[in-house]
Amino acid sequence: MTIIILLLLAYIIGSIPSGLWIGKLFYNTDIREHGSGNLGGTNTFRTLGKKAGLIVTIMDILKGTAATLLGYLAIFESTSVHPLILGIIAVIGHMFPIFANFKGGKAVATSGGILLAYNWPLFVLLVVGFFIILKITKMVSLTSMILAVIALIYSIVYYFTVEKDWPLIAMLALIAVFIFYRHRANIERIKKGTEPKVKWI
């Protein structure tokens, strides 16, 4: 019963539609009706501006962090759920939120939140890498997909050189699938040369 409750909590945490709530509460705007229609930080930046975009991105990151930390509480109480499983459930909640008709974000920020709780050095590496790669590509979508691959490669190298952490590899492989799947439309626009580019970096 405890595991079921934790899984439900992780999903509910992930389902919090940060972009939707911030937009409606403080800007009287439904960001689903603007830009890409996505509920994530990128569309919030484009629709509501830097302040709102930063707040939503941080909130989305912390959803993954909070859900993963629940797993450490579970271990402490001698239950058998792994923290990364709860993190993945939160990502699923972020992509398919019960509070927003199951139409959510693209899994990037919330996935980063899992790493913040589970492997913070990798989280820091990816944040730095994000800005470096974004400066080169000018595309958030392409940068996100590249980082998903880098994170997976890191976990494999980590497995053979530091610690045999196969759950990390499995989680990042699944996250990479999520991210590429959720960016299908972006991939098509990248191929056509019509993907929006950022101008602030």
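I take helices to be DSSP runs of H or I with at least four residues, and strands to be runs of E with at least two, numbered from the N terminus. The model I am reading is predicted, with local features needing pLDDT of at least 70, side-chain atom pairs counting only at pLDDT 80 or more, and totals for chains, interfaces and linings using all residues. Residues are numbered from 1 along each chain as its sequence is written, and side-chain values use heavy atoms, with hydrogens and water left out.

**Entry: the second largest pocket**

I looked up the pockets on a 1 Å grid over the protein atoms alone, where a pocket is an open set of points with protein on both sides within 12 Å along at least five of seven lines, and lining residues have an atom within 4 Å of a point. The second largest pocket holds about 180 Å³ of space, a volume being the space filled by probe spheres set on the points. Its lining consists of Ser36, Asn38, Lys106, Tyr181, Arg182, His183, Arg184, Ala185, Asn186 and Arg189. H10 gives the most to this lining, with four residues, and I noted that H9 and H10 each supply at least two. By class I found two nonpolar, four polar and four charged residues, where Ala, Val, Leu, Ile, Met, Phe, Trp, Tyr, Cys and Pro count as nonpolar, Asp, Glu, Lys and Arg as charged, and the others, Gly among them, as polar.

**Entry: the largest pocket**

For the largest pocket I noted a volume of about 1200 Å³ and a lining of 47 residues, of which Thr42, Thr57, Val108, Phe130 and Val140 lie nearest its centre. Among the elements giving two or more residues to this lining are helix H4 (50–76), helix H8 (140–161) and helix H10 (184–192). The lining has 24 nonpolar, 15 polar and eight charged residues.

**Entry: H5 against H9**

I then turned to helix H5 (residues 83–95) and helix H9 (residues 166–182), which pack at an angle of about 10° with their axes 10 Å apart; axes are lines fitted to C-alpha atoms over the stretch in contact, and angles run from 0 to 180 degrees between N-to-C directions. H5 and H9 are therefore roughly parallel to each other, a label for angles under 35 degrees. In their contact (heavy atoms within 4.5 Å), Leu84, Ile88, Val91, Ile92 and Met95 of H5 meet residues of H9 including Pro167, Leu168, Phe178 and Arg182. The residues of this contact divide into eleven nonpolar, no polar and one charged.

Notes:
Angles under 35 degrees count as roughly parallel, over 145 as roughly antiparallel, 65 to 115 as roughly perpendicular and the rest as oblique. On a 1 Å grid over the protein atoms alone, a cavity is a set of points where a 1.4 Å probe fits but cannot get out, and a pocket is an open set with protein on both sides within 12 Å along at least five of seven lines; lining residues have an atom within 4 Å of a point.
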